[in-house]
Amino acid sequence: MKAPPSVRIVVKSARAEDVAAIVALLQDAGLPHEGIGTHLNEFLVARVGEEVVGAVGLEVHGTAALLRSLVVAPELRGKGLGEGLTGTIVARAASLGVQQLYLLTTTAAHFFARRGFTAIARGNVPAGIAGTEEFKSLCPASAVCMQRLVKP
Ligand SMILES: CC(C)(COP(=O)(O)OP(=O)(O)OC[C@H]1O[C@@H](n2cnc3c(N)ncnc32)[C@H](O)[C@@H]1OP(=O)(O)O)[C@@H](O)C(=O)NCCC(=O)NCCS
């Protein structure tokens, strides 16, 4: 993490009552929010008190997983929270036996490139990842597809 923000932020597993707040953050950021309820067990949220100020999730398919829905509330961006959420979800992926992470992004390729992800052709992802809704229908063809090993 970079310089800590001046407010106390806690990263925890998401709860059912967090879904509406996660959806609101994703909608504000113009990101897909479909399917969060289905994958909630693999979502993390960042909270200030009871307020959800960030989120990130996984969709696990064998030893591969889609990293999705990374978002930080606009007023808290640039303070290291995105990096903290990314590091925590990578550690969660490792604990689940995931070996490769994949993602699609239209907005944050630079952010992920600095965190170990490299761009790959969209056609080079495993079938389980290609079958996710993000790949099939939610993300535009122009989105950058990226990959990293969980343990480089
Ligand atoms: C992408 C996103 C999650 C990053 O979250 P964040 O909390 O701003 O990320 P961080 O603060 O950890 O890092 C962001 C950048 O700000 C820089 N930064 C950190 N602290 C800073 C500070 N005090 N002042 C200025 N910049 C700072 C970091 O160095 C980093 O730059 P880098 O990527 O060149 O290394 C956030 O911008 C966001 O929610 N965007 C909209 C949704 C989105 O695009 N999500 C990705 C979907 S795939």
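A residue counts as near a molecule if one of its heavy atoms lies within 4 Å of it. By that rule, 22 residues surround the ligand, with Gly-78, Gly-80, Gly-82, Thr-107 and Arg-114 the closest. Keep in mind that this is a predicted model, where local features need pLDDT of at least 70, side-chain atom pairs count only at pLDDT 80 or more, and totals for chains, interfaces and linings use all residues. Residues are numbered from 1 along each chain as its sequence is written, and side-chain values use heavy atoms, with hydrogens and water left out.

So what makes up that shell? It splits into 10 nonpolar, six polar and six charged residues (Ala, Val, Leu, Ile, Met, Phe, Trp, Tyr, Cys and Pro are nonpolar; Asp, Glu, Lys and Arg are charged; the others, Gly among them, are polar). Strand S4 (64-72), helix H2 (81-95), strand S5 (100-105) and helix H3 (109-113) each put at least two residues into it; helices here are DSSP runs of H or I with at least four residues, and strands are E runs with at least two.

Ligand oxygen atoms lie 2.7 Å from a backbone N or O atom of Gly-80, 3.1 Å from one of Lys-79 and 2.9 Å from a polar backbone atom of Val-72. Overall, the protein covers 72% of the 950 Å² of accessible area that the ligand has on its own (Shrake-Rupley method, 1.4 Å probe).

Notes
Polar contact = N/O pair within 3.5 Å; in protein donor to acceptor, adjacent residues only side chain to side chain.
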